[in-house]
Amino acid sequence: MTDQDLCIENVTKTFGGFTAVDDLTLTIPDGSFFALLGASGCGKTTTLRMVAGLEEPTAGRITLGGLDITRMRPYKRPVNTVFQSYALFPHMSVADNVAFGLRRKGENRADTRRKVAEMLDLVQLGQYGSRRPAQLSGGQQQRVALARALVNQPEVLLLDEPLGALDLKLRRQMQIELKRIQTEVGITFVHVTHDQEEAMTMADTVAVMQAGRIEQLGAPAEMYEFPASAFVANFLGQSNLIKAEVTGQADGHVTVDAHGNRLAVPSARCRVTSGTALLGVRPEKLHLADGLAAVPSGHAAVQGVVTDASFTGVSTQYLVRAPWGSELTVFVPNSGIAAPALPGAQVAVHWSPAHSFLVGS
Amino acid sequence: MRGFWRWIAEKWVLLLGFVLLAYLFVPIAVVMLLSFNQPASRNTTYVLDLSTFDFTWHNWTDICGAAGLCDSLMRSIYVGLSATLIATILGTLISFALVRYRFWGRGSTNTLIFLPMATPEIVMGTSLLTLFLGLQIPMGFLTILIAHVMFCISFVVVTVKARLAGLDPRLQEAAMDLYATPWQAFRLVILPLVLPGIVAAALLAFSLSFDDFIITNFVTGTSDYTTFPMFIWGSNLRGIPPQVNAIATAMFLISFAFVIAGQLRTRRRSARRAATS
């Protein structure tokens, strides 16, 4: 724990009878790229606004580098925000927009001019200083908003769905750009988004929020491979979740009974070890075989019938109906090794137990 | 002949446009022309007979010649400026409250603020007169000012509110996020963006106050605080001094100059924008 960590301690925010953020405790390490991921209404934007000082917590404490900023006015915090709507000042030039914060802080003219020019270069808008925001494209406006916040060298930069208004291609481009800038300036970025792919691509640490609480927090790959709950398993990517009863534990494995199939999951990959649970496997970790005889030894398998096959280019997505009626999604890469299965074919779906996980239902 | 009808068929919209423009501007042109006429008597101030037209600069050089004319004009300007100042400040504050804050009675305030606009002036004039008499407020400048501020506020609120409602509430937050105090955020971001609305509201308020006759006539009572519209109405009974036409023309020209200046400014700004893009 370094000095400039952002700590949110037992913070609750209610609006009338509605609890937007519910007893949230979170430490965001200095210099990290942190993503708050969740569906709309999960409390992620409210959390961000409390850090910015635009909302006051109902209860709890927010500290930045040991300094209590819970009730500090927004204009006194060493924190800047990139708003979803950008909120650029339409009556000022791009350069004046970027210089706004420096001028309020009383920076001298020469330094202000130099910093503004450097920052516009950083976001590749060097020639656009004299233009008005309305004369720029959406992507350019987004970069002005970023420059306007970053130029103040805040301790923490808050980004509220900053790429939400951009089209897909531009969004991809800006994701890489934002990541590059963050690495370059080394400032803590707190990025709020509902796009799981965006969160996973950019952030060092992702916190999945639901109903004002954090469901899981961790590195993207770690969370994707071993989600903490059924919600995270489905919110971060796609998962096949099979209802199962835990039957026992033996040599490092938890055995379960899933609709009459006896399956095993390594104990280290089990969030629950008793009662009714959900066995999860990612679609790309499932494989197809012609029959149970063709399943490699050590793999778990269930039989099924292919009901749908859709070609998506890099892979083919199969829907396989299991004997108990629900459908499993299987992604098979189009590597040209196996012949495609046709709808109606009898297949065995198999996976390595090390790729499965068990979560509470 | 066929060529003529063809020409008409092609240009009739344009012609209609000219006819309409003429319809709008002929009365003003007549007043302008009459400002250079020396009528034979005060009863013929508004007789435009080109055979007896007697050209003179006198109405312009001796613009305050008629007794009481310029005094009433100054009173109207004074009342107009005072009412505009008060109504614009109060109306702007009301607009901010209505757009920015949620409070008890906001909905009904929003509706009631339109009431003075909808009430016939004659009704408002009589009720104000009754009120002032009942409260025993002496008639004169004060009662006129109170009445003018009252009916101007509604128009200011409507005009400023429209401008404010179109403003992203995040702008204020963005300014505060960038170290501006609430006052700096207002002065540097919100005010410059709302200012065109406030200026428009003030111009509207002034013109409403300046030419109000009906309400003013009631709330002046028996005092001798005669405003310009009341002076004209009063002198109409005895014959209007020809200087009135010169003043009317001057007022028209001043407003016209404002419009032209505004247009030039907009045009120059868009030209500059085109040059930078």
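Two strands count as paired if DSSP finds at least two bridges between them, and strands (E, at least two residues) and helices (H or I, at least four) are DSSP runs numbered from the N terminus. With that in hand, let us walk through this predicted model, in which local features need pLDDT of at least 70, side-chain atom pairs count only at pLDDT 80 or more, and totals for chains, interfaces and linings use all residues. Residues are numbered from 1 along each chain as its sequence is written, while chains are lettered from A and ligands numbered from 1 in the order in which they are written.

We start in chain A. Strand E17 (residues 315–321) runs antiparallel to E18(A), and seven bridges join them. Ser315(A) faces Pro333(A), which lies in E18(A). This pair belongs to an open, antiparallel sheet of five strands, ordered E15-E19-E16-E17-E18 in chain A. Strands E15 (287–289) and E18 (327–333) of chain A are at the edges with a single partner strand each, so one side of each has no neighbour in the sheet.

Now to chain B. UniProt, in an unreviewed entry, lists residues 73–262 of chain B as "domain: ABC transmembrane type-1"; such annotations may be inferred rather than shown by experiment, feature names are shortened, and positions follow the numbering used here. Over residues 73–262 chain B is 80% helix and 0% strand, with its end C-alpha atoms 26 Å apart.

Also in chain B, the axes of helix H3 (residues 69–100) and helix H7 (residues 141–165) come within 6 Å and cross at roughly 40 degrees. Such axes are lines fitted to C-alpha atoms, for helices over the stretch in contact, with angles from 0 to 180 degrees between N-to-C directions. That makes H3(B) oblique to H7(B) (under 35 degrees is roughly parallel, over 145 roughly antiparallel, 65 to 115 roughly perpendicular, and the rest oblique).
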